[in-house]
Amino acid sequence: MAHRRIVWGVGTSRTIRAHWALAELGLEYETRPVRTRTPDTEAPEFVAVNPRGKIPVLRDGEVTIAESAAIVTWLGETYRDGRELVPQGGPTRARYLEWMSFICMELDATSLYVLRRHWSLPGIYGEAPVANAAAEGYFARMISAAEALYEPDRPYLLGDRFSGVDILMATTLEWAVNYNQPLPQVFDTYLERMSARPAFREACTANQAP
């Protein structure tokens, strides 16, 4: 039986990460257009795949894995073939793990996701102007910290080679721009460079909600 890959999830800044990693690695897969906060995520067929009801989810042969950063890292560690999305060891791998945690926790979950709940979806989660202001202030602090950590003379977060943390960062920065959060100039330039990658454009098409 042929190896089969399926991605559940389209239409968000997190789902595009799975599509982008697969495109960078040149891997074939099928898409199930499950959208967030719709009956799609409550359907028995999807709940059987991920009881948390969250997207994206990847099925890669016998492995089923959720959480966008975990999917990107799984793919990068499993499929190398000259395209090293995840460093294998040493200090560079340590930096990969640090950036991954920083992006997902400090920029995404602690900052932008608060805005998603209370600025973008107040009808569901309620108005919370104080929380929104705090989230915006925290994002500004953390993106300034990221600027201090990033070497602007190098094209990617880990230096001269594109990696999975560039997928995580670029999608997070695009999300921030959509939420009217100012970026340091160095990250405006970085985002332009990342969004020009053919695999990113391919992922954008795959990630479109029907």
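Modeller: Angles under 35 degrees count as roughly parallel, over 145 as roughly antiparallel, 65 to 115 as roughly perpendicular and the rest as oblique. Axes are lines fitted to C-alpha atoms, for helices over the stretch in contact, and angles run from 0 to 180 degrees between N-to-C directions. This is a predicted model, in which local features need pLDDT of at least 70 and side-chain atom pairs count only at pLDDT 80 or more, while totals for chains, interfaces and linings use all residues. Residues are numbered from 1 along each chain as its sequence is written, and side-chain values use heavy atoms, with hydrogens and water left out.

Biologist: Why are helix 1 and helix 3 called roughly parallel?

Modeller: Helix 1 (residues 15-24) packs against helix 3 at about 10°, with the axes 8 Å apart. The angle is under 35 degrees, therefore the two helices count as roughly parallel. Arg17, Ala18, Ala21 and Leu22 of helix 1 make the contact with Ser68, Ile71, Val72 and Leu75 of helix 3. Contact means heavy atoms within 4.5 Å. Helices (H or I, at least four residues) and strands (E, at least two) are DSSP runs, numbered from the N terminus.

Biologist: Which residues of helix 3 are buried, and what covers them?

Modeller: Ser68, Ala69, Ile71, Val72, Thr73, Leu75 and Gly76 are buried. Buried means under 20% relative accessible area, exposed over 50%, partly exposed in between, with a 1.4 Å probe and protein chains only. The cover includes helix 1, strand 3, strand 4, helix 4 (90-120) and helix 7 (164-178). Helix 3 (residues 68-78) lies across strand 3 and strand 4, at about 140° to strand 4.

Biologist: What makes strand 2 and strand 4 edge strands?

Modeller: The open sheet has 4 strands in the order 2-1-3-4, with mixed pairing. Strand 2 (30-32) and strand 4 (63-66) each have a single partner strand, so one side of each lacks a neighbour in the sheet. On average, neighbouring strands of this sheet are turned by 15° against each other, direction ignored.

Biologist: How do you know that strand 3 pairs with strand 4?

Modeller: Two strands pair if DSSP finds at least two bridges between them. Strand 3 (residues 57-60) is joined to strand 4 by 4 bridges, and the two run antiparallel. Leu58 is opposite Ile65 of strand 4. In their hairpin, with 2 residues between the strands, Gly61 has a positive phi near 65°. Strand 1 (residues 5-8) is also joined to strand 3 by 4 bridges, again antiparallel, and Trp8 is opposite Val57.

Biologist: Why is the pair of Trp175 and Tyr179 called edge-to-face?

Modeller: Rings of Phe, Tyr and Trp (its six-membered ring) pair if their centres lie within 6.5 Å; planes under 30 degrees apart count as stacked, over 60 as edge-to-face and the rest as tilted. The structure holds 9 aromatic pairs. The centres of Trp175 and Tyr179 are 6.1 Å apart and the planes are at 70°, so this pair is edge-to-face. Phe187 and Tyr190, at 6.0 Å and 85°, also form an edge-to-face pair.

Biologist: What makes Trp175 count as buried?

Modeller: Its relative accessible area is 6%, so Trp175 is buried. For Tyr179 the value is 9%, and Tyr179 is buried as well.

Biologist: Which charged end sits over the ring of Phe162?

Modeller: The charged end of Arg197 does, 3.8 Å from the ring centre. A charge sits over a ring if NZ of Lys or CZ of Arg is within 6 Å of the ring centre and within 35 degrees of the ring normal.
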